[in-house]
Amino acid sequence: MVGPLDRKLLRDLWRMKGQALAIAVVMALGVTMQVMMSGLVSSLDETRRGYYERYRLADVIAPVTRAPEQVLHALAALEGVGAVEGRIGGAALIDLPDRDVPLQAQALTLPYDDAPALNAIRIEAGRLFERGRPDEVVVLDSFAAAHGLRPGDALAATMNGARRSFRIVGLARSPEFLYSAAPGEMVPDDSRFGVLWLSPATMAAAFDMDGAFSEALIGLGRGANEQAVLDAVDRVLEPYGGTGAYGREDMFSNRFVSEEIDGLRESARAVPPMFMAVAAFLLNIVIARMVQAEREEIGLLKAFGYRSAEIGVHYLKLVLAIALAGALLGCLAGVAAGRGMVQLYLAFFKFPFLVFRLEPAAFATGIGVSALAATAGGAIVLRRIFALQPAEAMRPPAPADYASAGHWRGLTRWLDQPTRMVLRRFTRTPFRMAGAVLGITCGMALSVGMLTIHAGFSQAVALSFDVIDRSEASVTFTSAVSDKVLHELARIPGVERVEGRRGVAVILRNGRQSHRGSITGLPDAPELNRALTPALAPIPMRSEGLVLSGALAAKLKLEVGQTLTVEVREGARPVLRLPVVAVADSVLGAPAYMAMEGLNRALGEPGRVSAAALRLDEARAPEIYAWLKDLPTVAGVSLKHEARDAFVTVMNQGAGWTRFIMSGMAFVITFGIIYNAARIALAERARDLASLRVIGFSKAEAAYVLLGELGLVTLLALPLGAVLGAGFAQVLAAAYSSELYTIPVVFLPATFGSAALVVIAGAAISGLLVKRDVDRADLVAALKTRD
């Protein structure tokens with residue numbers, strides 16, 4: 001049986017269906033963000049863990065120049081080591097007919113039976129190579145897909161200075177290469193870097209490693225101390241040219257995936273609560289004013305004998321029905337959106353499988369916040385009204401005393417009567433108008449924040465590839481070579497400028513803080529690859545100290561003037577103590593710079609370069625690339641426009657893609673806030689507007705009184721929303737930034753203008769919808785009142 005109050009509840013919901021739907025949608029969008037992002041973080045984290053376990057990703061990788069296979073027994077005997085496997089790894093250049101420049105690749109050994117103790121691969125197409133077939137190769141499937149390669153195709157590669165021809169027999173995936181990038185580059189790009197798996201005999205012959213290995217893969221035993229194992233492995237491999245063992249957290253692919261997941265986790269912590277807070281605030285305001293408008297109905301119910309508790313439960317049911325409907329809609333939409341995002345992440349991270357995992361805590365949070373916001377909004381007003389006696393509650397509220405509310409006498413001669421009515425509304429109900437202004441301010445803030453983040457992503461691309469890097473191409477050498485090669489490059493017809501640099505692998509330490517990366521040695525006054533201050537002024541290189549990027553300085557907790565320890569992982573492996581002489585504004589990665597001459601001097605290797613930046617005559621670029629192909633010392637050629645495209649792709653996938661979804665949600669929430677403000681104003685002033693029509697006001701004049709109020713509220717909210725949106729943008733930028741890239745906060749006039757246009761458009765559309773109801777109003781019904 002449905003009681004009288006429940007029937008009233010259903011009629012009320014139907015009567016206010018438009019407004020109820022708008023409130024529910026606003027709440028649903030906040031819950032959608034919470035469920036989608038929390039589920040994605042859990043799904044990616046669990047999938048990564050399962051993938052690593054199933055294919056036995058090594059816990060430690062220890063590179064070495066050349067070590068005999070007998071050393072593997074010494075490594076296996078170390079405390080904490082559970083499994084050890086040696087392999088041969090080397091650089092390769094892949095020459096494809098449709099490419100002007102050779103593509104960099106990493107060549108690795110794999111046992112014939114595909115049963116390595118560590119770092120197994122997953123065959124996606126074809127098969128493994130067979131014994132006695134040295135020309136067969138398995139290729140990373142993402143690289144093959146980027147170039148349309150299939151099993152049976154021929155492949156030419158240069159390894160250790162010798163060109164070899166292979167036949168592709170299989171395509172594979174590996175947990176070691178969820179994302180891959182060329183050596184020395186931060187941005188992953190499947191089209192510019194590949195992985196080749198070859199038989200042990202083929203790799204030993206190509207790199208002169210018969211009976212030796214160049215990398216040790218190590219799996220840790222249960223309860224092992226990773227740092228202790230790393231130190232012990234380094235001691236064993238030091239006589240053989242070990243360059244420093246490192247753990248999973250420093251493996252490029254895992255580091256990149258971890259950064260993306262951590263960035264998504266930070267976004268999930270920071271962004272959905274903001275959306276839900278705005279939605280909850282709106283719900284609170286709407287419910288409070290809606291219950292206030294039901295004052296006479298409450299008095300009538302009390303006159304018929306209903307207790308305050310029964311009436312309270314009835315109105316709580318009303319607000320909870322709206323809030324919980326929105327929360328449940330948000331949960332369903334969050335699951336659907338999460339499953340759609342999973343497909344993007346499946347391609348982005350190269351997982352062989354990925355299933356969206358439902359996160360119960362996200363459901364509980366979304367539903368709980370919705371219910372609490374609804375309950376709080378109703379309880380505040382109900383407590384005040386329930387104190388009224390039935391007869392008093394059934395009367396209209398006593399007219400307010402406006403004697404001290406302010407006047408507009410000075411403007412009377414300039415303003416018409418409807419305009420004065422709009423202005424008097426602000427002075428006579430300041431708190432109510434302040435609530436409406438604050439609601440639209442939140443919508444403006446959401447729009448400003450999201451548009452600022454989009455501008456920040458665009459600025460990151462422009463800053464990195466137009467301002468910091470002003471070259472057209474970059475040449476990487478197989479090892480550090482004499483700087484005389486720069487003169488050879490400069491003599492190539494079409495090369496307009498050459499600038500050398502030296503990259504050295506290091507570990508930077510400041511107390512307990514450490515970072516495994518590299519120092520880039522640059523000329524004293526670089527032109528093609530520069531370090532810049534936050535004001536974009538060039539920073540000259542100095543021999544006696546380091547220039548750190550802002551992200552790296554923050555990670556190591558260093559400031560200008562402080563000293564850090566530099567453990568060089570190449571050559572004689574000296575340990576240096578260097579001061580920080582400047583902090584640079586960097587978007588891509590976490591670089592450290594030093595004067596190339598000083599870096600070479602510290603290493604005891606004067607006049608050496610490991611790469612060169614080139615400025616080219618584009619008309620002669622194909623000839624230059626063809627010449628570079630034949631240089632035996634060239635490990636790879638990177639074109640800036642391809643690196644730029646790869647960077648944009650990375651930022652527009654994965655965690656970066658969520659900004660498009662959040663932008664759409666922000667605009668919908670903004671419209672929902674404005675529309676609700678307009679509907680509430682109409683509900684509160686329906687009788688006043690009908691009275692104006694009866695005494696002779698036209699439809700346009702009556703609508704002007706209502707819409708003028710909405711317009712003034714919107715205009716007041718714009719500057720406040722711009723200020724609040726600036727703070728919102730700071731939080732968003734921090735959530736989206738990672739060690740791979742930093743999103744700058746860019747406040748552009750166009751951003752604020754676009755956000756204002758979004759709000760004004762929402763107000764205009766809401767105004768048209770409300771004006772339609774004003775024009776259709778039943779004057780007799782609106783003027784009826786209980787006396």
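Student: How many helices and strands does the secondary structure of the protein come to?

Tutor: The protein has 22 helices and 20 strands; helices (H or I, at least four residues) and strands (E, at least two) are DSSP runs, numbered from the N terminus. This is a predicted model, in which local features need pLDDT of at least 70 and side-chain atom pairs pLDDT 80 or more, while totals for chains, interfaces and linings use all residues. Residues are numbered from 1 along each chain as its sequence is written, and side-chain values use heavy atoms, without hydrogens and water.

Student: How is the packing of helix 2 and helix 19 described?

Tutor: Two packed helices are described by the angle between their axes and the distance between the axes. Axes are lines fitted to C-alpha atoms, for helices over the stretch in contact (heavy atoms within 4.5 Å), and angles run from 0 to 180 degrees between N-to-C directions. Here helix 2 (residues 17-54) and helix 19 (residues 658-694) pack at about 155°, with axes 9 Å apart. Helix 2 and helix 19 are therefore roughly antiparallel (over 145 degrees).

Student: Which residues make the contact?

Tutor: Among them are Gly-18, Ala-22 and Leu-29 of helix 2, and Ile-661, Gly-672 and Arg-679 of helix 19.

Student: Which residues of helix 16 are buried?

Tutor: Buried means under 20% relative accessible area (1.4 Å probe, protein chains only). In helix 16 (residues 596-603), the buried residues are Met-596, Gly-598, Leu-599, Asn-600 and Leu-603. Their cover includes strand 13 (495-510) and strand 19 (608-616). Gly-604, which follows helix 16, has a positive phi near 75°.

Technical notes. Parallel < 35°, antiparallel > 145°, perpendicular 65-115°, else oblique. Buried < 20%, exposed > 50% of the residue type's maximum accessible area, 1.4 Å probe, protein only.
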